[in-house]
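Dear colleague,

Please find the structure below, handed over for your review. A summary of the findings follows it.

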Amino acid sequence: MGLNVLLIADSTSRWAQAMRETSGRLEEIPGDEGFPAYLDSRIKGAYERAGYCRRTMGQLGSLTMVGTVSARGGNFDEPVTQSTLGTVKTFWDCHRRAAYKRFYPAVDRTSISWSPVSRSVTAIFRRALPARLDGCGA
């Protein structure tokens, strides 16, 4: 259709937790920390859908994906965070109180986030986000 689409995934951690619970109920062999062994490939498969596409009629469209991660207890070594970093090389950490209260998207510029891109790009993202998440006790 020639549309440019932005998809914000809030949060990759919740999605992975649902995969872990489903995998356990299906009695699949668990991987690291009980997550399914295919966690990494599913995360890669989701993020690799982003990009440009040209339809048969010549229209050019795009899909941009922004993912957030709620690392359990701030542990950046857990499988979901590591898989996300390995795939997209950057992430926004969810603000814990906002995420708990189902504030969407649960990202604010004071949260811990990581990116290897230049500081100027990171600064642009931080300026675009609200300084404080009103109504979530942040």
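Predicted model: local features only at pLDDT ≥ 70, side-chain atom pairs only at ≥ 80, totals over all residues.

Which residues make up the largest nonpolar core? It has seven residues, namely A16, M19, F35, L39, I43, Y47 and V80. A nonpolar core is here a set of buried Ala, Val, Leu, Ile, Met, Phe, Trp, Tyr and Cys residues joined through side-chain atoms within 4.5 Å; buried means under 20% relative accessible area, exposed over 50%, and partly exposed in between (1.4 Å probe, protein chains only). Two or more residues of this core are given by each of helix 1 (12-25) and helix 2 (39-47). Helix 2 supplies the largest share, three residues. With neighbours within four places in sequence set aside, A16 is in contact (heavy atoms within 4.5 Å) with F35, L39 and V80.

Residues are numbered from 1 along each chain as its sequence is written, and side-chain values use heavy atoms, with hydrogens and water left out.

As to the overall arrangement, the protein has five helices and five strands. These elements are DSSP runs numbered from the N terminus (helices H or I, at least four residues; strands E, at least two). Their order from the N terminus is β-α-α-β-β-α-β-α-β-α. Of the 138 residues, 29% count as buried. Among contacts between residues at least 6 apart in sequence, 57% join residues at least 24 apart. The protein exposes about 8900 Å², of which carbon and sulfur atoms supply 57% (Shrake-Rupley method, 1.4 Å probe; for residues, only the protein chains shown count as cover).

Helix 2 also holds A46. Is A46 buried or partly exposed? A46 counts as partly exposed because its relative accessibility is 22%. Not counting residues up to four places away in sequence, A46 touches W15 and M65. The C-alpha atoms of A46 and M65 are 9.1 Å apart in space, and the two residues are 19 apart in sequence.

The structure holds one salt bridge (a side-chain nitrogen of Lys or Arg within 4 Å of a carboxyl oxygen of Asp or Glu). The side chains of K44 and D40 form this bridge, at 3.2 Å from N to O. Both residues lie in helix 2, four residues apart, which is about one turn of the helix. K44 counts as partly exposed, at 27% relative accessibility, and D40 is partly exposed as well, at 33%.

Yours sincerely
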